[in-house]
Amino acid sequence: MLEAILIALGLKEVTADENDGDDDKDSHDNKNGLTISQRANNNMHIEASSFSGYSDREPLAFGNNNKICISMRMRFDCRIFGIDGSLRARYTVLNEVVIDRGSSPYLASLECFCDDVHLTTVQADGIIFATPTGSTAYSMAAGGSVVHPAVPAIMVTPICPHVLSFRSMVFPDHVVLRCYVPSDARSTACVHFDGKHRTELSRGDSVQIEMSPHPVPTINRVDHSADWLSSLKSNFNFNTRVRQKKISTTSVSD
C-alpha cells in the first residue's frame, strides 16, 4: 500500500518487473495493519505522476507589504420565543433573517420594535433583517442598500410592502430588534435563518435579533475594501455601462 501511494504521488518510478508482478500473491501492509484483497489488487491500476503537465502559474498571493488583512464579519444572534415567553430556538446567522407570510394568501402582519420602542407595523409579503455581509443578497434584491462589510449596521428591508413609504432602513449594530405576530393577524408567519431552519410563527410568537458577540474572521486577498469592490464588479457588474463618448468639437461646429 505504501508503495502504491508513493507511485501515485510520483515519488517512486514504476519498473517493468513491478507492472508484470505475480498476480497470485496477496498484498499486505503489516506495518499499518491494512490488507489489500487479491481482487482489489488485480483491479488496481497505478500510473506514475508527471509534474510536467501541471500549470506553472505562481500561487495566489495574499496581503500587502507582507501583511495579511483580516475582516471580522458580523453575525446575528437570533432567538424565537413562544407566546408564554419560553425560548423555542436559537440560531446564529451570517447573512439575513427573513420573516414572510409563508404559504398564506394574506399579507404578513408583524409588529416590529427597536430597543422595546415600537418601530412600525409591517403589512407586506415579509421583512428582511440583514448583516452587511448579507446586504448583497436577498436584501439587495428587495431594494435594500449595499453596505460595506466593515460598517457595523443592521439593515431592515421590507418585501413588497403595501405602503410605498415603507423603505429600507439602517440601524446601528447595538440595537435589539424584535418582531412578533399580533393576536389579530389573519394568519401565521414563517421565519428563515440564512434560508434554513424554516419555523412557523403562531400568533403571539416573536423573533429577537441582535448582534452576535462572535463574528466570523475572513482572510482578504488584499484588504476588505479592495476585495469587496472587486467582488461587486466581477459578480454583479456593478454600475457597468458603455462609457459616454466625448462630444466632438467638429460635429458641434457643424
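A salt bridge here is a side-chain nitrogen of Lys or Arg within 4 Å of a carboxyl oxygen of Asp or Glu. This is a predicted model, in which local features need pLDDT of at least 70, side-chain atom pairs count only at pLDDT 80 or more, and totals for chains, interfaces and linings use all residues. Residues are numbered from 1 along each chain as its sequence is written, and side-chain values use heavy atoms, leaving out hydrogens and water.

**View 1. Asp77, Arg79 and Arg90 form a salt-bridge network.** Arginine 90 meets aspartate 77 at 2.8 Å, N to O. Aspartate 77 is buried, at 6% relative accessible area, while arginine 90 is partly exposed at 49% (buried: under 20%; exposed: over 50%; partly exposed: in between; 1.4 Å probe, protein chains only).

**View 2. Aspartate 205 pairs with arginine 88.** Their closest N and O atoms are 2.6 Å apart. Aspartate 205 sits in the loop between strand E13 (196-201) and strand E14 (206-211) and arginine 88 in strand E5, so the bridge ties together parts 117 residues apart in sequence. Aspartate 205 is buried at 5%; arginine 88 is partly exposed at 41%.

**View 3. Threonine 157 lies in strand E9 (residues 153-161).** Threonine 157 is buried, at 1% relative accessible area. Its side chain makes polar contacts with the side chains of serine 139 (3.0 Å) and serine 168 (3.2 Å). Such a contact is a pair of N or O atoms within 3.5 Å; within protein, one must be able to donate a hydrogen and the other to accept it, and residues adjacent in sequence count only if both atoms are side-chain atoms.

Notes. Helices (H or I, at least four residues) and strands (E, at least two) are DSSP runs, numbered from the N terminus.
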